[in-house]
Amino acid sequence: MTGSKDKEILIGVTGGIAAYKVATLVSLLKRHGLGVSVMMTESAMQLVSPQTFSALSGRPVRSSLWDRASAHPHIDLARVADLLCIAPATANIMAKSAHGLADDLVSTTILAFDGPIIMAPAMNRVMWEKPATQRNCEQLRNDGIELIGPESGHLSCGESGAGRMVEPETLFEAIMSRLS
């Protein structure tokens, strides 16, 4: 993609088991010459080590609103990115975003970001089908957030159905398309 070398992508990783897939996404973005920064929720760090994303992105991972290096880390992150991608987008982060709640670095940065936002939903099929989740999806779409997925398939809980995060390559293509 022409001009991708100067593009900055901010990835918000939340606490779904699909967080492991985001390592492949970060690697794909870096291999295509994009700058990639990663921020993680506390729950995400229980599933995938921040060091994994730091090694793949070549940058430190951010996880706290109380980072001593910056008085306003959510504003700093929001100002430098061309696109924000939340993957996996749990029911929790989607509900927070739909209602403007901001109580951690990821949710606060979403609220502070004024560029394109892509979310890749991932959750149990029952959670995905709940009327509250579907109302939140509708609100997010109305607010201009692009939802990519989820897919149907085998879920980590042992069930099958809608709720599986799209593959990293699908998310990569959506990001590249949105940047062009």
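This report covers the fold, surface and selected elements of a predicted model.

## Basis

Residues are numbered from 1 along each chain as its sequence is written, and side-chain values use heavy atoms, with hydrogens and water left out. The model is predicted: local features need pLDDT of at least 70, side-chain atom pairs count only at pLDDT 80 or more, and totals for chains, interfaces and linings use all residues.

## Overall shape

The chain holds 9 helices and 7 strands. These are DSSP runs, numbered from the N terminus: helices are H or I with at least four residues, strands E with at least two. The C-alpha trace spans about 40 × 30 × 30 Å along its principal axes.

Of the contacts with a separation of 6 or more, 72% join residues 24 or more positions apart. Contact means heavy atoms within 4.5 Å.

## Surface and charge

Of the 180 residues, 49% count as buried. Buried means under 20% relative accessible area, exposed over 50%, and partly exposed in between (1.4 Å probe, protein chains only). The chain exposes about 8,500 Å², and carbon and sulfur atoms supply 50% of that area. Areas come from the Shrake-Rupley method with a 1.4 Å probe.

There are 16 positive and 18 negative charges, with mean positions 2 Å apart. Lys and Arg count as positive, Asp and Glu as negative; His and the chain ends are not counted. Charges are placed at NZ of Lys, CZ of Arg, CG of Asp or CD of Glu.

## Strands

All 6 residues of β2 (residues 35-40) are buried, so the strand is largely enclosed by the rest of the structure. In a regular strand the side chains alternate between the two faces of the sheet. Here Gly-35, Ser-37 and Met-39 are buried on one side, and Val-36, Val-38 and Met-40 on the other. β2 pairs with β1 (residues 8-13) in the parallel sense over 6 bridges; pairing needs at least two DSSP bridges. Ile-11 stands opposite Val-38.

β6 (residues 151-154) and β7 (residues 160-164) pair antiparallel over 4 bridges. Gly-153 has Gly-161 as its bridge partner. The two strands form a hairpin with 5 residues between them, and Gly-158 in the turn has a positive phi of about 100°.

## Helix α5

Buried residues of α5 (residues 91-99) include Ile-93, Met-94 and Ala-98. The buried residues pack against several elements, among them β3 (83-89), α6 (105-112) and α8 (131-142). Gly-100 follows α5, with a positive phi near 70°.
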